[in-house]
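Student: I would like to learn how to read the features of a structure that is new to me. Could we look at it together, one topic at a time?

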Amino acid sequence: MRSKIVLVLLLVLYGCSFFLRGEDPKLDLGDNVMEGVFFQGGYGMQWVHDTAAEFERAHPEITAYVWGNPRAWDQTRPRFLSGNPPDVFWGIHNINFWVNLHDGLVANLDSLMEAPAYGQEGVKFRDTFFDGTLEEGQFEGHQYFLPITYAISGIWYNKGMFDEHGWTEPETWDEFLALCETIKQTGGGVAPLTHQGKYPSYFGMIWRGLVYKLGGEQLMCDMDSLVPGAWSRPEILEACRLSRQLYERDYVLPGTSSFSHTEAQMIWIQGKAAMIPCGTWLASEMKNALPEDFDMRLMSVPGFRDGKGGIGAMEASAGPAFWIPVEAANPLAGMEYLRILLSRKMAANFLSTVGSVQPIKGSTEGVNVPPATQSALDRIAAAGGETFAFQFSGWYLELENEYRNALGALLNDDITPERFAARMEAMAERLRQDPDTIRFSRSPRGDGVAAL
Amino acid sequence: MSLQNNGRVALLFVLPAFLFYLTFLIVPYALAFGVSFVKWRGVTLNMEYTGLGNFAKMIGDPFFWKSLYNTVFFTVLTGIIVPCMALYFAVAVTRKLVAGARFFRITFFFPNLISQVAIAVLWWFALNPEFGILSNFLRLFGFTDLPSWLGEPGWARAAIVAVKVWAAVGFYMVLYVSAIEGIPEDYYDACKIDGAGEWQSFRHVTLPLLSEMMKVTGVFLLLNGFGTFDVVRIMTDGGPDRATETLATYIYENAFELGKFGYATTIAMTLFLITFSLAMLSLWIQRRDSVEY
């Protein structure tokens with residue numbers, strides 16, 4: 001009897017499985033659907049839905065089905081494998097854009113770039129981008145990826161705290177050290193600096209700034225191009241020594257080496273440290289933790305009067321983000337979504353809802369730019385537009401991993417600057433010898449913005 | 001019913017389970033074995049046969065050796081500390097050496113009711129050098145120059161071991177408790193009559209009669225140690241500077257971060273062969289002498 005009951009229950013469960021198998025919301029939307037999948041993080045999803053609404057206004061016959069997830073790439077990978085990817089895609093974790101391109105997953109966007117800009121008469125889509133920002137998504141002269149933001153990085157400081165103590169932004173590294181000493185002596189227990197130590201690439205914003213300002217564009221391009229010996233040049237060793245100096249003089253909050261990004265940023269907001277390296281996404285990432293009266297400003301990584309890079313040059317990047325899968329069911333609709341997403345109208349909407357700048361000309365006009373973001377734009381203007389963007393992190397993931405690990409070890413005083421350089425050189429050599437590594441090269445443009 | 005018929009019926013009964021096993025275990029393992037000989041990115045069906053190329057690369061990969069070393073380090077340390085502590089607690093609560101034995105039995109088992117991920121997150125907060133409970137507790141006693149627990153290689157490794165031990169002791173304690181409770185009380189009575197104390201009873205009765213259970217738990221600990229992933233992934237992400245990188249986290253990095261599924265599978269197969277061989281060795285040793293009572 002008991003076994004019969006179990007059997008009946010199993011049959012009922014099996015029957016239920018036909019009705020409770022979970023719905024695919026896309027199936028209910030008809031045949032003419034454009035699907036977009038996006039990374040869901042600090043920027044939220046409002047801008048994605050706003051663009052979808054604009055898309056449907058422009059093309060009422062097509063339904064825009066957009067969704068997001070923090071692990072967008074991991075979740076969508078099986079669909080790429082089965083030849084059923086979405087029509088437009090943005091994922092950040094665990095993704096290697098260039099290997100995807102190499103594997104034939106990424107559609108060529110050249111035709112989109114030649115299309116007219118959405119909502120602007122007589123202007124090509126290509127010409128609406130900030131100068132020098134499209135190149136990061138190009139390979140052999142063709143456009144494959146488009147950027148989401150114009151991320152500006154440097155050192156953020158707590159303006160209220162600075163004003164209260166009469167501290168001012170330093171311009172040179174010596175002035176920066178003097179400021180750190182003053183904060184240490186007069187800050188009432190406030191540490192001059194903290195950083196996201198669990199992820200040493202955040203400190204890299206200071207380290208890379210030092211390297212650029214010491215070695216200039218040529219060194220940056222050589223490092224990105226894996227030129228033999230580039231990673232062990234004297235400027236690299238000097239940048240390592242200067243980075244270590246911050247620890248040796250006790251300018252870094254104790255315990256920093258284990259802080260995750262949100263922990264370190266929270267600790268900085270709480271006023272336990274005066275400065276922190278980060279990009280312009282900081283305010284939106286921490287918006288739930290920011291007190292209303294919290295005032296933050298971005299400063300350039302201090303430079304050198306005799307350095308090869310401009311003293312106030314800013315690290316600004318419009319790295320690869322959006323792309324259209326080759327096997328998308330509706331790639332033209334995906335491109336159209338991108339044309340609308342990166343229009344002046346939607347970029348202005350992005351700025352007003354998210355607080356970050358997209359690299360679209362005119363998108364900051366008439367928009368109430370948050371003071372924090374404005375300070376970043378002002379720094380670029382003050383530097384005469386001189387910006388720099390290292391590419392090795394996106395081009396060579398193994399090199400980026402080794403860089404993070406070695407930089408963390410350097411800051412921990414586990415390795416010397418010479419050892420750091422040797423490790424990076426060894427990894428660069430390993431990649432040079434690896435037939436599977438896609439090689440890139442870049443050369444200086446001479447006007448401060450490097451061409452790829 | 002003839003013997004032959006019996007065999008056929010038995011086969012019929014075994015068939016569903018075997019098919020299940022074949023589909024979900026043997027076939028995936030066989031496929032994985034195949035993938036370890038190819039270059040595969042995991043996003044297209046393009047695979048390139050490389051023969052033993054992935055294995056040669058693995059042997060020349062310093063990060064593989066570092067991960068293997070760390071994995072062995074965690075396995076050996078937890079493999080020594082966990083049984084010792086679990087046995088100590090098991091004896092203490094079964095032989096009523098402490099008051100409130102029942103309370104301790106439940107308390108020590110408690111971490112097993114929480115997922116490893118939650119445990120790792122909990123400890124990650126507790127070990128925060130700024131607002132974590134450990135640092136603040138030590139500050140109460142005047143310690144000021146405290147390390148960054150998860151940010152320094154030595155401390156980070158120690159922290160991983162400590163958390164793994166904390167999470168595992170309760171489970172093994174329960175196993176030992178059940179084994180100790182299975183030992184006839186007469187043996188202990190006999191000990192008492194012979195004038196043996198608690199230590200001598202433990203040494204000459206409990207320990208020898210627990211040897212079977214200790215071997216079983218040894219295999220468990222071995223498999224658990226070599227599979228160390230979640231605690232490391234959450235608490236240190238393999239850092240600082242790969243000081244806590246294990247084979248499992250290195251496999252994850254290669255497969256899901258670097259998109260090298262072929263190479264990652266090669267390491268996974270190696271890990272499988274190591275654990276399989278060690279488990280077989282343990283079972284073989286176990287088979288050689290068993291205690292009956």
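**Reading the model step by step**

Tutor: A:C240, for instance, is in no disulfide, and the nearest cysteine sulfur, that of A:C180, is 18 Å away. This is a predicted model in which local features need pLDDT of at least 70 and side-chain atom pairs count only at pLDDT 80 or more, while totals for chains, interfaces and linings use all residues. Residues are numbered from 1 along each chain as its sequence is written, chains are lettered from A and ligands numbered from 1 in the order in which they are written, and side-chain values use heavy atoms, with hydrogens and water left out.

Student: Is A:C240 buried or exposed?

Tutor: Buried means under 20% relative accessible area, exposed over 50%, and partly exposed in between, with a 1.4 Å probe and protein chains only. A:C240 counts as buried because its relative accessibility is 0%, and B:C191 counts as buried at 12%.

Student: How many helices and strands are there in chain B?

Tutor: Helices (H or I, at least four residues) and strands (E, at least two) are DSSP runs, numbered from the N terminus. Chain B has 13 helices and 2 strands, and its C-alpha trace spans about 80 × 75 × 30 Å along the principal axes. Of the 293 residues in chain B, 44% are buried.

Student: What do the contacts of chain B join?

Tutor: Contact means heavy atoms within 4.5 Å. Among the contacts in chain B between residues at least 6 apart in sequence, 68% join residues at least 24 apart.

Student: How many positive and negative side chains does chain B have?

Tutor: For this count Lys and Arg are positive and Asp and Glu negative, while His and the chain ends are not counted; the place of a charge is taken as NZ of Lys, CZ of Arg, CG of Asp or CD of Glu. Chain B has 20 positive and 20 negative side chains, and the centres of the two sets lie 5 Å apart.

Student: Where is B:G238 found, and what is it in contact with?

Tutor: B:G238 is found in the loop between α11 (230-235) and α12 (247-257) of chain B, and it is buried because its relative accessible area is 1%. Leaving aside neighbours within four places in sequence, B:G238 is in contact with B:V232, B:A243, B:T244 and B:E245. B:P240 also has its place in the loop between α11 and α12 of chain B.

Student: What should I look for in the backbone here?

Tutor: Most residues other than glycine have a negative phi, and most peptide bonds are trans. The peptide bond from B:G239 to B:P240, however, is cis, with omega near -5°. In chain A, A:E140 is not a glycine and yet has a positive phi of about 50°; A:E140 is found in the loop between β4 (138-139) and β5 (142-143), and counts as exposed at 68% relative accessibility. A:D250, likewise not a glycine, has a positive phi of about 60°, lies in the loop between α9 (234-248) and α10 (261-269) of chain A, and is exposed, with a relative accessible area of 53%.

Student: Where does A:W67 lie, and which residues does A:W67 touch?

Tutor: A:W67 lies in strand β2 (residues 63-69) of chain A, and is partly exposed because its relative accessible area is 22%. Not counting residues up to four places away in sequence, A:W67 touches A:E35, A:G36, A:V37, A:F38, A:M45, A:Q75 and A:R79.

Methods: Disulfide = S-S within 2.5 Å.
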